[in-house]
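Work through the exercises below with the sequence and the 3D structure open. Try each task before reading its solution.

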Amino acid sequence: METLTDRIDPVRLEIFRHLFTALTEEMGAALRRAAHSPNITERRDYSCALFDAAGRPVAQGDHMPVHLGAMPMSVAAALGRCAPLEPGDVVVLNDPFAGGTHLPDITLVTCLHHGGVPIAYLAARAHHADVGGMAAGSMPLAREIYQEGLRIPPVRLVRAGERLEDIWRLLLANVRTPEERAGDLAAQLGALHAGALRLLEIVERHGEDEVRSAMAALLEYAERLVRAGIALIPDGEYMAEDALEDDGFLNGPLPIRVRVSVAGEAMRVDFSGCAAQTEGGVNAVAAITVAATRYVVRCIVEALLGQPLPAGGGEMRSVTIDVSAGSIVAATAPASVAAGNVETSQRITDVLLLAFAQALPDVVPAQSQGTMNNLAIGGIDPRTNAPFAYYETMAGGMGGGPRGAGLSAVHVHMTNSRNTPVEALEHAYPVRVLRYGIRRGTGGAGSRPGGDGVQRDIELLCDADVSLLTERRSTAPRGAHGGCDGATGENVRIAADGTVGQLAAKCTIRGRAGDVFSIRSPGGGGWGTA
């Protein structure tokens, strides 16, 4: 049967593939340049994507996997609540139970029209350093989502090109750093504008019909590649289990179980049997589980085929994902979910790779650090007498694998961000970095050893709230093929009087001026007998 990819010139299809990807990268560059917070300008905690007129993912920038895999649900939620989107309309949302992931991730969605007809959707998501809630940074140890910050269902922020000032003022009135939030939201609007200009330019140059055909052909091509990759996995059922250490309220360990069934070109990923949603914020909504599954399947397929999928990854219609509502991988309101996006997504990735390692032992690497080491600090900056909110995830060790040793001091799997440079951190916030370096020897030994974690010691220059959401503090990242486990991480507080104490993996505490918080990230597991 003839397909779109058979009818379209493969050279032109490749040209469109790069045009669409470059468009999303340009959106990201515009967002980064215009943003105000170091979390976006330095850490690059944002993602941009292009969708066709049906809301299917066509292209995405080389941004955050945990954002990009879940973003189709954001577009679907925007259309479900606010359709039709007219020219110049922009929808804003962050509700994890209506297309979002966790509250700090605010997504803007717009529709691009040509000749009065919708031809595509553009989306820009960014992690905002504060969206209100019980603690600065909006990553607290919370029991319900109402404590985590402002929850925004899909609503119009811009109508026919005019910003809705009532909505704008409502958003900014519920955050600690309104000027910074306004700057970052404006940067997201600028990213949508940049993407719209570039896509209209592509349409004018190549014609609307060809652009639509190229989008459809790329989606079809991605689907064919996914099916071809799945066909290279031996048929069978592969089961695995891993666990979150705790939820911050003495509940744990919390198991995550998966059964991967492969038959020909189709795959079913079944998460039934996972722990029920819990008291603390490690609950992940279904969008997070979908994002992690898409990421792992994409990694496996690309490794087997030896070539990358188109940037959108396709719809992966040949992959069925089963989750149980009310579980830790498909939480329902009013569960707290701040850590589900950042910590549980990593554990879902770990357990999926454990399952695939049974089928493909010479393809799958050892476990990486398995956490994002989330740190949020906020209070009143004595230099300005204004509130500040700092948020960061810390790098760690990558697992060794069949292709080589794991890298040290990198962000892995569901995060693709950077660490804030010391100079930018000390300039923007009332803190001092006393130490920042690699934790030598924390990677697991092996013929291909795991990468080492990092240590970052931050001194408070004023009293401030400090929130930690971390994992792999008691269970080590596993080695593979006889390789050794990586070292666990640590959270240490060195009080101003010199007292040293271990901090829980998940906590929100009041820090005092002169206190030093030392975040020590895990190493990756080793691969192969040393």
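**Exercise 1. At what angle do helix H8 (residues 208–231) and H9 pack, and how far apart are their axes?**

Some ground rules come before the solution. This is a predicted model: local features need pLDDT of at least 70, side-chain atom pairs count only at pLDDT 80 or more, and totals for chains, interfaces and linings use all residues. Residues are numbered from 1 along each chain as its sequence is written, and side-chain values use heavy atoms, with hydrogens and water left out.

Step 1. Helices (H or I, at least four residues) and strands (E, at least two) are DSSP runs, numbered from the N terminus.

Step 2. Take the geometry. Two packed helices are described by the angle between their axes and the distance between the axes. Axes are lines fitted to C-alpha atoms, for helices over the stretch in contact, and angles run from 0 to 180 degrees between N-to-C directions. H8 and H9 pack at about 75 degrees, with axes 9 Å apart.

Step 3. Classify the angle. Angles under 35 degrees count as roughly parallel, over 145 as roughly antiparallel, 65 to 115 as roughly perpendicular and the rest as oblique. H8 and H9 are therefore roughly perpendicular to each other.

Step 4. List the contact (heavy atoms within 4.5 Å). From H8 come Leu225, Val226, Ala228, Gly229 and Ile230; H9 answers with Val301, Leu304 and Leu305.

Step 5. Sort by class. Ala, Val, Leu, Ile, Met, Phe, Trp, Tyr, Cys and Pro count as nonpolar, Asp, Glu, Lys and Arg as charged, and the others, Gly among them, as polar. The contact of H8 with H9 has seven nonpolar, one polar and no charged residues.

**Exercise 2. Describe how H2 and H8 pack.**

Step 1. Read the geometry. The angle between H2 and H8 is about 95 degrees, and their axes lie 10 Å apart. H2 and H8 are therefore roughly perpendicular to each other.

Step 2. Name the partners. H2 brings Arg12, Leu13, Phe16, Arg17 and Phe20. They meet Glu210, Val211, Ala214, Met215, Ala217, Leu218 and Tyr221 in H8.

Step 3. Count the classes. The contact of H2 with H8 holds nine nonpolar, no polar and three charged residues.

**Exercise 3. In what order do the strands of the open sheet of seven strands run?**

Step 1. Recall the pairing. Strands of a sheet pair through backbone hydrogen bonds, either parallel or antiparallel. Two strands pair here if DSSP finds at least two bridges between them.

Step 2. Write the order. It is E2-E1-E5-E4-E3-E6-E7, with antiparallel pairing.

Step 3. Find the edges. Strand E2 (57–60) and strand E7 (162–163) each have a single partner strand, so one side of each is left without a neighbour in the sheet.

Step 4. Zoom in on one pair. Strand E3 (residues 90–93) and strand E4 (residues 105–114) run antiparallel and are joined by four bridges. Val92 stands opposite Leu108 in E4.

**Exercise 4. Which residues line the largest cavity?**

Step 1. On a 1 Å grid over the protein atoms alone, a cavity is a set of points where a 1.4 Å probe fits but cannot get out, and a pocket is an open set with protein on both sides within 12 Å along at least five of seven lines; lining residues have an atom within 4 Å of a point. Grid points are joined across faces, edges and corners, and a volume is the space filled by probe spheres set on the points.

Step 2. Count and size. There are three cavities of 30 Å³ or more. The largest cavity has about 60 Å³ of space.

Step 3. Name the lining. It consists of Ile106, His128, Val131, Leu150, Ile152, Leu171, Leu172, Val175, Arg181 and Leu185. Helix H6 (165–172) and helix H7 (178–206) each supply at least two of the lining residues. By class, eight are nonpolar, one is polar and one is charged.

**Exercise 5. Which helix gives the largest share of the lining of the largest pocket?**

Step 1. Size the pocket. Its volume is about 1,200 Å³.

Step 2. Locate the centre. The lining has 43 residues, and Tyr295, Arg298, Cys299, Glu302 and His413 are the closest to the centre.

Step 3. Assign the share. H9 gives the largest share, nine residues. The lining divides into 19 nonpolar, 17 polar and seven charged residues.
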